[in-house]
Amino acid sequence: MDITTLLANTLSPDQATLEDARQKLELFRQENYPQYIQALSQCLINEQVPNHVRHAAGLAFKNTLTAKDHATHEEQIHRWLQVDEAVRRQIKDGLVGTLATPDKQASTSVAQSIAAVAAVELPHRQWDDLIPSLLASVTSTTNVSLKKATMMTFGFICEQVQDEALMDQSSDILTAVVTGARKEETSVEVRLEAIKALNNSLEFIKTHFEREGERNIIMQVVCEGTQSESVDVKVASFECMVRIMQQYYMMMHVYMEKALFGLTVSGMNDPEPNVALQAIEFWSTVCDDELDIRIDIQQAEINGNVCDRVLYDFARQAQRDVVPVLLWLLTKQEEEEDEDEWNVSMAAATCLALFAQCVGDEIVSPVVRFVSENIQSQDWRAREAAVMAFGSILEGPDPAMLKSLVDEALTVLISMMRDSVPNVRDTVAWTLGRVCEHLAQSINVELHLDALVHAILQGLQDNPRIVGNCCWALMNLADEIGTPLGNSEPTGTLSRYFDTIIKALLQFTQQCTENESNCRTSAYEAMSSLIIFSADDCIPLVQEVVLTILDRLEASIAAENQILGQDDRANQNELQSSLLGVLTNSIRRLPKDIAQVSDRIMTVVLQLLSKASSQTTTTEDALLLISAMTAVLDTDFSRYAEAFVPILFNALQNAQEYQLISIALGNVGDIFRALGPNAVHYCQEFMQILANLISNPLLHPSVKPTILSCFGDIAMAVGDKFEPYVEVTMIVLNQAAAMRASPDSDPDFIEFSNILMEAVVEAYVGIIQGMRTSPNVMMLQNYMPAIVQFVGSMTLVPSNDDLDRALVGLLGDIAEVMGTAAKPYLGAEWVVQFLKEVRSRRYVSKATKDTIRWAREMIKLACQ
């Protein structure tokens with residue numbers, strides 16, 4: 001069967017035909033890759049082949065060169081570069097020569113395929129004539145189809161190819177793209193693709209954008225594009241403007257005053273929704289940027305540094321003109337809204353909320369005026385917009401300023417839960433949730449709480465979206481005015497409602513067979529929050545909930561054989577995850593009582609783990625539940641360890657499932673902390689798995705700190721039995737310690753480095769404390785110079801209070817465990833100076849001060 005037929009069959013509605021074609025194509029790819037890609041490219045560039053088949057060929061070709069998984073992509077690159085140069089040249093020439101194909105879909109596939117090859121070859125200094133060839137197509141042809149396709153290709157290349165590979169030709173690419181994006185370009189399609197390409201090029205043309213002359217030209221082209229008669233060009237230009245603001249806020253002050261302010265306000269008023277959406281997105285981006293800058297400035301002040309970012313306060317300057325437009329746009333709702341479809345009123349509400357966070361109290365007056373004028377309107381759109389506006393400004397202004405407004409508004413909002421229009425009730429439920437989230441302390445308990453809870457419970461009988469918002473309101477209410485986690489209080493504010501709310505949620509979740517709009521998930525999450533923040537007088541009902549949830553979990557396992565399709569499987573996984581979440585919080589709330597049903601809990605959870613795929617959230621939630629069980633049962637968990645540990649070994653095998661691995665590593669630490677020396681017979685296998693994981697290049701970096709902390713947990717638990725692993729662990733820790741940040745490092749890397757260094761410290765502490773009772777404790781002297789040097793080096797890098805406290809604690813542990821043997825290392829002047837410096841930092845906490853006092857005493861004793 002020829003490849004054209006096979007590709008056509010991959011589009012067949014018949015599942016058997018489709019699968020057969022896919023399998024044969026995959027076999028072709030595996031048996032003869034060079035012929036496979038040649039056949040695909042020939043099919044793509046052949047004008048006689050049906051266009052839908054050409055598109056399928058292009059997609060298959062592109063997929064041989066692109067993959068999200070790093071290892072797979074590296075393998076693809078290697079395989080392509082192993083193909084004979086003559087074969088590759090034939091394919092590439094064929095693709096470039098077909099850019100002018102009249103079929104739009106085929107042209108797009110060709111452009112994507114060229115970019116996919118370029119992303120592989122250009123970083124390897126191959127296909128050097130590609131960019132000059134594309135530039136020639138733009139500058140020396142009158143063929144509109146070719147110019148359009150070439151601009152599209154530039155866009156894909158700028159998006160996919162590493163910036164460094166394009167730097168040498170960035171000036172030529174930018175010139176071509178800007179020329180195509182000018183208003184003088186007669187073809188709307190060429191101009192549109194040029195503006196899209198400009199958008200994709202904004203990162204690698206940074207050096208050009210930093211030059212005022214070139215920046216002015218780029219900004220002029222983008223601004224002119226927002227005034228085009230073509231809606232598509234206007235949308236693309238505003239998208240480009242948003243991206244520019246994201247990346248180059250610091251250079252925008254001149255353009256805001258001269259052009260961007262007026263253009264974007266005009267764009268928000270545009271009758272075309274897609275244009276208005278991008279203009280609104282511009283101001284949301286401004287607010288996001290300015291909120292981030294404020295955080296950076298505050299952090300710099302705390303650290304005693306000067307922030308290198310400037311806050312221009314664009315949002316504050318623009319609010320008088322922008323906020324009224326946003327309020328007007330709130331009334332542009334659609335009666336049959338799809339919650340998954342972003343629209344103008346949703347975007348306006350999001351932007352208004354960001355303005356509230358940016359400008360604070362100043363936004364209250366115009367919004368309250370709008371609410372007052374519209375809250376009782378006969379037009380449901382005006383009523384809903386008024387409620388949405390009020391809910392959107394509850395975070396940002398001073399809570400004291402909002403308290404009286406909330407007190408006045410609650411009576412009206414509660415009554416509006418009976419509004420005849422579902423859209424209004426939905427927004428009211430969301431706004432009540434916002435009140436509970438941000439201003440729960442402003443709720444007059446005696447005056448409003450009864451009516452509020454009753455209205456929310458009535459909402460559980462409404463449509464799924466309203467149910468979801470009502471559950472969110474209950475969750476926020478429990479979080480904010482429930483009994484604080486860890487406190488034991490005889491009764492609480494919500495105790496008198498606890499029985500009614502829990503029974504209503506149990507009834508709803510029992511009757512709800514479909515999780516539309518995540519309403520069932522939300523109900524279980526609300527139940528979890530109410531349980532974890534419940535007072536002592538609610539414990540008997542929590543105990544009943546545990547038994548009910550166990551019944552439901554067991555029933556869900558019994559129903560496994562009845563599941564047929566993927567949708568049923570997804571629904572089942574979600575249900576089991578929700579049940580596990582409620583049970584986990586119940587375990588944390590009932591540490592003294594859970595042992596009575598621990599056998600039943602562990603039986604059902606181990607059953608789930610034995611059947612669940614490692615890729616389902618059910619596995620992650622089951623592991624989190626076992627973590628809670630381990631903490632509660634402590635040494636009594638030993639009777640479940642033999643059954644659980646093999647499952648844990650399995651969960652740690654696939655490095656690409658990094659979120660699952662991160663949770664499973666927490667279980668490893670839990671087991672060793674709970675079982676202590678009794679866990680020693682698991683030590684060798686876990687240490688081997690951890691060593692393999694941390695050296696695996698496919699493992700996500702975020703997991704590595706958890707592995708290092710695990711080393712410390714194991715060492716602390718098994719004591720001197722950790723001695724055989726000390727040397728190799730110290731090598732790993734020293735390698736990790738070398739990854740510390742420098743003062744000029746990227747902020748994200750500084751944050752990661754601090755987490756990693758804290759984990760290194762935890763591991764050192766675990767080893768030192770674990771070995772303290774060993775007769776060979778002095779073997780640690782061999783490692784002291786490196787450990788103390790590590791602490792000393794950390795005085796020169798960015799830090800935070802948690803890391804400072806950990807470092808100080810490590811010095812104290814060394815002094816306490818090593819005694820006078822530590823004097824050569826801790827008697828240095830820098831140690832005293834370091835403790836003083838940490839003590840004088842602006843952000844130092846009481847806990848860190850206490851640790852400093854203790855460490856000083858230990859060091860003093862060791863250095864006598």
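How many of the 17 residues of α23 are buried? In this predicted model, local features require pLDDT of at least 70 and side-chain atom pairs pLDDT 80 or more, while totals for chains, interfaces and linings use all residues. Residues are numbered from 1 along each chain as its sequence is written, and side-chain values use heavy atoms, with hydrogens and water left out.

Of the 17 residues of α23, 13 are buried, so this helix is largely enclosed by the rest of the structure. Here, buried denotes under 20% relative accessible area, exposed over 50%, and partly exposed in between (1.4 Å probe, protein chains only). Helices are DSSP runs (H or I, at least four residues), numbered from the N terminus.

A search of the whole structure finds 41 salt bridges, each defined as a side-chain nitrogen of Lys or Arg within 4 Å of a carboxyl oxygen of Asp or Glu. One of them links K147 with E185, with the closest N and O atoms 3.4 Å apart. K147 belongs to helix α9 (residues 144-160) and E185 to the loop between α11 (170-181) and α12 (188-201), so the pair ties together parts that are 38 residues apart in sequence. K147 is buried, at 16% relative accessibility, and E185 is buried with a relative accessible area of 16%.

A salt bridge also joins D536 and R589 (3.0 Å, N to O). D536 lies in the loop between α27 (519-532) and α28 (539-558) and R589 in helix α29, so parts 53 residues apart in sequence are tied together. D536 is partly exposed at 26%, whereas R589 is buried at 13%.

How values were computed
Helices (H or I, at least four residues) and strands (E, at least two) are DSSP runs, numbered from the N terminus.
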